[in-house]
Amino acid sequence: MSYKTQNMLNRMTVENGEESSRANANYIDKLFNAGKLVPQIVAVVLAYEP
């Protein structure tokens, strides 16, 4: 029984770690995408000639 419990806990720990890693990667990706907008907007504003 102890082996089964340890094996299940190990599997759950790995799955939780993978899920957390994916969530963090998605969050960082969103931050980078939001950060890319600023220079694009500045470029449009600087290129604007009335």
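Reader: Is R11 buried, partly exposed or exposed, and what is its relative accessibility?
Author: Happy to start there! Buried means under 20% relative accessible area, exposed means over 50%, and partly exposed is in between, using a 1.4 Å probe and protein chains only. This is a predicted model, where local features need pLDDT of at least 70, side-chain atom pairs count only at pLDDT 80 or more, and totals for chains, interfaces and linings use all residues. Residues are numbered from 1 along each chain as its sequence is written, and side-chain values use heavy atoms, with hydrogens and water left out. R11 therefore counts as partly exposed, at 46%.

Reader: Which side chain meets R11 in a salt bridge?
Author: Side chains of opposite charge can pair when their charged atoms come close. A salt bridge here is a side-chain nitrogen of Lys or Arg within 4 Å of a carboxyl oxygen of Asp or Glu. A search of the whole structure finds one such bridge. At 3.9 Å, N to O, the partner of R11 is E15.

Reader: In which helix do E15 and R11 both lie?
Author: Helices are DSSP runs of H or I with at least four residues, strands are runs of E with at least two, and both are numbered from the N terminus. The protein has one helix and zero strands. E15 and R11 are four residues apart, about one turn of the helix, and both lie in helix 1.

Reader: How far apart are the C-alpha atoms of L37 and E15?
Author: L37 has its place in helix 1. Along the chain, L37 and E15 are 22 residues apart. The separation of their C-alpha atoms is 34 Å.

Reader: What is the radius of gyration of the protein?
Author: This radius is taken over C-alpha atoms, and the globule rule is 2.2 Å times the number of residues to the power 0.38. A compact globule of 50 residues would come out near 10 Å. The C-alpha atoms here fill a box of roughly 75 × 10 × 5 Å along the principal axes. The protein's own radius of gyration is 22 Å.

Reader: What percentage of the 50 residues is buried?
Author: Let's look at a few residues. L31, in helix 1 (residues 2-47), is partly exposed with a relative accessible area of 48%. L37 also counts as partly exposed, at 46%, and E15 does at 41%. For the protein, the buried share is 0%.
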